[in-house]
Amino acid sequence: MAVLSHVCSCISHSTLFTSTAPSSSLSVSPTTFLQLSSFSTESTWNNIRRTNLCSNVNSLRYSGKTLLRHRHKYYNPCSSMASSLDESGKRSKRVWIWTSNKQVMTAAVERGWNTFVFPSHHRQLAHDWSSIAVICPLFVNEGEVLDGQNKRVATIFDVSTPEELEELRPENEQAENIVVNLLDWQVIPAENIIAAFQRSQNTVFAISNNTSEAQVFLEALEHGLDGIIMKVEDVEPVLELKEYFDRRMEESNLLSLTKATVTHIQAAGMGDRVCVDLCSLMRPGEGLLVGSFARGLFLVHSECLESNYIASRPFRVNAGPVHAYVAVPGGRTCYLSELKSGKEVIIVDHQGRQRIAIVGRVKIESRPLILVEAKIESDNQSISILLQNAETVALVCTPQGNTLLKTSIPVTSLKVGDEILLRVQGGARHTGIEIQEFIL
């Protein structure tokens, strides 16, 4: 394998490159990873000469016939600084890392973030890191962020008073990127900045010292700021931030739901059932994935539908007994009895679209239960769920044609032969994580 060990620090970020990143966050396009590509040693040298990335490419080590490089012919590690759009057409969130800790740098690069911010007197550190990883170094000097050629990349604003915040306006800024350092209040100033810059071409970053601050900036006023600069000297916030983005990334993925046929219904006596009240409103066709077995989770409808006997509660899912599994972010499950205020679950609709919601309250009461068993065509195994035997408890059914007039079937009206929706997945779990093992 040939390793290109020093190519970044001399590449101008203004050169145009196209790139694709590995999986990362929900709405995040952090950087571009290197990929392996096989070709002969001779052609390797020819490619390096043709690309002319840097006059001081002087450290190639060979132990085979491959070279670590980007999948495209030309790779600019600073290309991730340019504005880009995600699959929904929205501007992607961006992450820069401000650190002098080599372990933090390594963790960030491994997770797809290669833009690093240094004080101006740490150019040697940036040079050293460029020799071991493909990074894009930026330098802070007198309120500006400069690239390796001392071109201004961003302007930094310290905001500690309402007057300083008021001075921050799109028409006043010349740099493409704006970095705000919110020294006093954070949430309200971030919201005001988002409102002021919503139609601007400027990209606004906020300096963050931990993951909690980063989440505030990325979610303020629903849209969030365009990016964050994580100023940390510890690896843990980087790991937490990547996990946060991974959870949000799930929301853009459709879950595969399978049609199942009800094979058995039976009254089952009393049990402790769980009502899950969320901090989000649900629409017809949405609910939580719940089941007695992790291999098959039923889509239990919310109580958002109107009735003549009780007001709708679109924030609630009457989910089932305390022993049942419920789907949570990260491809995991947990027991309904483990849910509490502040935990996250995933809301899913009949088409498999998902979104993350926060649990506001859990209510456990003894109620009469009903057992529902179902099978899918490709598997002869029965999958079951226990639910409260009440008219307000329903399962999401398969779409009827192109209409959504019937999104669910109350368990009190359910009959053998009805078709409902399941999430089929691996059955073996350890602390909610799917594992490969024998299980009966």
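Two strands are said to pair if DSSP finds at least two bridges between them. Helices (H or I, at least four residues) and strands (E, at least two) are DSSP runs, numbered from the N terminus. The model is predicted, so local features need pLDDT of at least 70 and side-chain atom pairs count only at pLDDT 80 or more, while totals for chains, interfaces and linings use all residues. Residues are numbered from 1 along each chain as its sequence is written, and side-chain values use heavy atoms, with hydrogens and water left out.

**Overall picture**

The protein has seven helices and 26 strands. Of its 440 residues, 48% are buried, where buried means under 20% relative accessible area, exposed over 50%, and partly exposed in between (1.4 Å probe, protein chains only). A contact means heavy atoms within 4.5 Å. Among contacts with a separation of 6 or more, 63% are between residues 24 or more positions apart. The accessible surface comes to about 21600 Å², and 49% of that belongs to carbon and sulfur atoms. Such areas come from the Shrake-Rupley method with a 1.4 Å probe; for residues, only the protein chains shown count as cover.

**The barrel**

Which strands form the closed barrel? Eight of them do, in the order β5-β6-β7-β8-β9-β10-β11-β12, with mixed pairing. From one strand to the next, the twist averages 30°.

| Strands | Sense | Bridges | Bridge partners |
|---|---|---|---|
| β8 (residues 144-146) and β9 (residues 152-159) | antiparallel | three | Val 145 and Ala 154 |
| β10 and β11 | parallel | four | Val 180 and Ala 206 |

Is β11 mostly covered or mostly open? β11 is mostly covered, with six of its six residues buried. Thr 203, Phe 205 and Ile 207 point one way from β11, Val 204, Ala 206 and Ser 208 point the other way, and all are buried. In a regular strand the side chains alternate between the two faces of the sheet.

Helix α3 (residues 123-130) lies across β6 (115-119) and β7 (136-141), and runs at about 150° to β6. For such angles, axes are lines fitted to C-alpha atoms, for helices over the stretch in contact, and the angles run from 0 to 180 degrees between N-to-C directions.

**Val 187 and its patch**

Val 187 lies in helix α5 (residues 187-196). With a relative accessible area of 41%, Val 187 is partly exposed. Together with Trp 185 and Ile 188, Val 187 forms a nonpolar surface patch with about 320 Å² of accessible area. Patches are made of residues with over 30% relative accessible area and no salt bridge, with like charges joined within 9 Å and nonpolar side chains (Val, Leu, Ile, Met, Phe, Trp, Tyr) within 5 Å. A salt bridge is a side-chain nitrogen of Lys or Arg within 4 Å of a carboxyl oxygen of Asp or Glu. Val 187 and Leu 221 are 34 residues apart in sequence and 8.8 Å apart in space, C-alpha to C-alpha.

**A buried loop residue**

Thr 407 sits in the loop between β22 (394-396) and β23 (408-410). Thr 407 counts as buried because its relative accessibility is 9%. Leaving aside residues up to four places away in sequence, Thr 407 touches Pro 284, Gly 285, His 301, Leu 305, Leu 395, Val 396 and Cys 397.
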